[in-house]
Amino acid sequence: MGSAPYVTFDRFLDHWGGVRYVTIETLRCFGPEDLGYRLVPEWRTVAELFHHVGAHQYFVARGVLLGRWDPQPGEPDADWDAHRAAACDSAATLESWLVEAQARMTAWAGSAAPDRLERIADDNPWHEGMRGWLLLHHAYQDELHHRGQLYAVARLLGRTPPVVYAEEHEEYWLPRKGR
């Protein structure tokens, strides 16, 4: 894969893996009774926020890396409502979904055309004229944004979310640093 102006794509994917690790740890701080909690009636539930994080990543990664925005039969977004209902059933199914979305992105990155990150992705459904790299970065930032919401909700519910940075989770970080 090519590189972005400030980091290689492989390093970006590795960093996103750390972000996802902490997102999953955040999911684990909620009890089963919390997954249906909605801070505001019109907003997503706790479970739906976690589903959205994976869904946004999956959709954007497939579009940018494979150049295909429309789902094929059997893919999660062929029927997002059904997928969301199934994934939001429990913390275990949500965790599985978050792991799957991350793994798919990594696999798609390995088979993507070299120019997918640098070229203008005028085939995307939101912002014509954006580079693939920027679209992926948007999904990455969206995860951080929603994780911030989830931290606030966790504290409102009396839960203790994990520390924010993957570097502070020795079980994740030390093996990566060869210690």
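In which helix is H52 found? H52 is found in helix 2. Helices here are DSSP runs of H or I with at least four residues, numbered from the N terminus, while strands are E runs of at least two.

This is a predicted model, in which local features need pLDDT of at least 70, side-chain atom pairs count only at pLDDT 80 or more, and totals for chains, interfaces and linings use all residues. Residues are numbered from 1 along each chain as its sequence is written, and side-chain values use heavy atoms, with hydrogens and water left out.

## H52 and its partners

H52 is buried, with 18% relative accessibility. Buried means under 20% relative accessible area, exposed means over 50%, and partly exposed lies in between (1.4 Å probe, protein chains only). The side chain of H52 makes a polar contact of 3.3 Å with the side chain of R44. A polar contact is a pair of N or O atoms within 3.5 Å; within protein, one must be able to donate a hydrogen and the other to accept it, and residues adjacent in sequence count only if both atoms are side-chain atoms. Leaving out residues up to four places away in sequence, H52 touches R44, D142 and H146. Contact means heavy atoms within 4.5 Å.

## The nonpolar core

The largest nonpolar core holds 44 residues. Among its members, F9, F30, L65 and L136 touch the most others. Helix 1 (9-28), helix 2 (46-66), helix 4 (91-111) and helix 5 (132-156) each give two or more residues to this core. Helix 2 supplies the largest share, 12 residues. Such a core is a set of buried Ala, Val, Leu, Ile, Met, Phe, Trp, Tyr and Cys residues, joined through side-chain atoms within 4.5 Å.

E143 is found in helix 5. Beyond neighbours within four places in sequence, E143 is in contact with W16, V19, R20, T23 and V53.

A139 is also found in helix 5. A139 is buried, with a relative accessible area of 2%. Residues up to four places away aside, A139 touches W16, H56, Q57 and V60. T23 lies 116 residues from A139 in sequence, and their C-alpha atoms are 14 Å apart.

## Salt bridges

How many salt bridges are there? The count comes to 11. The rule asks for a side-chain nitrogen of Lys or Arg within 4 Å of a carboxyl oxygen of Asp or Glu.

| Salt bridge | N to O distance |
|---|---|
| E25 and R28 | 2.5 Å |
| R28 and E95 | 2.6 Å |
| R159 and D34 | 2.6 Å |

E25 and R28 both lie in helix 1, three residues apart, about one turn of the helix. E25 is buried at 19% relative accessibility, and R28 is partly exposed at 49%.

R28 also pairs with E95. This pair links distant parts of the chain: R28 is in helix 1 and E95 in helix 4, 67 residues apart. E95 counts as partly exposed, at 21% relative accessibility.

R159 forms its bridge with D34. R159 lies in the loop between helix 5 and helix 6 (170-176), and D34 in the loop between helix 1 and helix 2, so the pair ties together parts that are 125 residues apart in sequence. R159 is partly exposed, with a relative accessible area of 23%. D34 is buried, at 5%.

Salt bridges also form a network, which links R62, R68, E75 and D77.

## Surface positions

L39, W43 and L156 make a nonpolar surface patch of about 330 Å². Patches are made of residues with over 30% relative accessible area and no salt bridge; like charges are joined within 9 Å, and nonpolar side chains (Val, Leu, Ile, Met, Phe, Trp, Tyr) within 5 Å. Accessible areas come from the Shrake-Rupley method with a 1.4 Å probe; for residues, only the protein chains shown count as cover. L156 is found in helix 5. L156 is exposed, with a relative accessible area of 57%.

A86 is found in helix 3 (residues 80-87). A86 counts as partly exposed, at 47% relative accessibility. W97 is 11 residues from A86 along the chain, with 9.9 Å between their C-alpha atoms.
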